[in-house]
Amino acid sequence: MQKKLLIPILVVLVIVIVLITRGCGKKDTKQEARQEEPQDTVADPFDDASAAGNDVRAQFGTMTADENGGVDITVEADGTQTTYTYTDVASDAWYADAVNYVVSTGVMSGDDAQKLFQPEYGVERYLFSVIMYRFAGGTPTETDAAFSDLTGEEWYYDYVKWMVGEGLMGGNGGAFDPNSFLSCEQAIIVLYRLAGEPAVSGTLDGYPYAPKVSESGRDAVTWAWNNGLITEKECVWYPTQAVSRAQVALLLMRYDALIQATGWAPADNPADAPSEGETVTTTMVSDKTETATQSAAVGAEEGDHSD
């Protein structure tokens, strides 16, 4: 009797197992179809090479990670290849592409002897004048820049003259303060003036340091925030903090992409530069000594200096 009952039970168990196995083997075709549908993506026009109007990556050299955790950037000019090695720039750093951009375009360099770019170092006002002269394709000017702390004999004096003559930078109480560190806000103001001070749309909503923006810099920072020159994705853009070399490189790369995408034509002479007497905190700043070949546009007799 027990054997007769056992046989039907076994048959039922076998049938259940078969059904379960077949059910597990079936694919969810609806889910599969959803996975195959193209997904909406939000492109960053300053970091995405496929973005319309953005061809700044065409100016990039070839960047490869080296065995020491740094990068090698190979730039070709006039049929000659030059490789720059920076042991303090990781290939996946948020500023790696920006370093590639400024090095490949000759706007900034590093300490070739020590193989350092020094991305976290602050940028002095005189050095920013040199960088902006190169970036904007400046030309020598005869107009002197009268500042109490400049004699006219400084190797960077002609660069400062150009910046002042273009209305991109001013002084503070009759002094230029060449060795003071430039703040993030001041760097943005210079780029805003270079762009011809375009009409500003939008607000500083979402910018966490809006209350710290000066009244004179509000238009410039609002313009930069709403056009993606500064975001909170990569680093802190605190207005009065000393701007770092990495941040300057990123600003220049994004500005170039923005100008190409919008077709803006910067004014020949932006508005006269007001006083820039703003306190600059020197977070992330270290002393540095480096030697690199300066742009020959002002004169080869100046010698080699750092940028």
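1. Start with how the chain folds back on itself. Residues 24 or more positions apart account for 70% of the contacts in the protein with a separation of 6 or more; contact here means heavy atoms within 4.5 Å. Keep in mind that this is a predicted model, where local features need pLDDT of at least 70, side-chain atom pairs count only at pLDDT 80 or more, and totals for chains, interfaces and linings use all residues. Residues are numbered from 1 along each chain as its sequence is written, and side-chain values use heavy atoms, with hydrogens and water left out.

2. Now the overall layout. You'll find eight helices and three strands, with helices (H or I, at least four residues) and strands (E, at least two) taken as DSSP runs numbered from the N terminus. Along the sequence they follow the pattern α-α-β-β-β-α-α-α-α-α-α. Of the 307 residues, 44% are buried, and buried means under 20% relative accessible area, with exposed over 50% and partly exposed in between (1.4 Å probe, protein chains only).

3. Have a look at α3. Eight of its nine residues are buried, so this helix is largely enclosed by the rest of the structure. The buried ones are A96, A98, V99, N100, Y101, V102, V103 and S104. What covers them? The cover includes the strands β1 (62-65), β2 (71-77) and β3 (80-86), plus α4 and α8. After α3 comes G106, which has a positive phi, near 75 degrees.

4. The axes of α3 (residues 96-104) and α8 (residues 245-262) come within 8 Å and cross at roughly 75 degrees. That makes α3 roughly perpendicular to α8, a label for angles of 65 to 115 degrees (under 35 is roughly parallel, over 145 roughly antiparallel, the rest oblique). Axes are lines fitted to C-alpha atoms, for helices over the stretch in contact, and angles run from 0 to 180 degrees between N-to-C directions.

5. Who touches whom there? D97, A98, V99, Y101 and V102 in α3 meet A249, L250, L252, M253 and D256 in α8. The residues of this contact divide into eight nonpolar, no polar and two charged. For this count, Ala, Val, Leu, Ile, Met, Phe, Trp, Tyr, Cys and Pro are nonpolar, Asp, Glu, Lys and Arg are charged, and the others, Gly among them, are polar.

6. On to the rings. Rings of Phe, Tyr and Trp (its six-membered ring) pair if their centres lie within 6.5 Å; planes under 30 degrees apart are stacked, over 60 edge-to-face and the rest tilted. By this rule there are 16 aromatic pairs. Take Y133 and W162: their ring centres are 5.5 Å apart and their planes at 80 degrees, so the pair is edge-to-face. Y133 is in α4 (residues 125-136) and W162 in α5 (residues 157-165), so the pair ties together parts 29 residues apart in sequence. Y133 is buried, at 2% relative accessible area, and W162 is buried too, at 7%. Ring pairs also link Y126, Y133, W155, Y156, Y159 and W162 into a cluster.

7. Finally, C235. This residue is in the loop between α7 (218-226) and α8, and counts as buried at 17% relative accessibility. Leaving aside neighbours within four places in sequence, C235 is in contact with W94 and Q247. C235 and Y95 are 140 residues apart in sequence, yet 9.6 Å apart in space, C-alpha to C-alpha.
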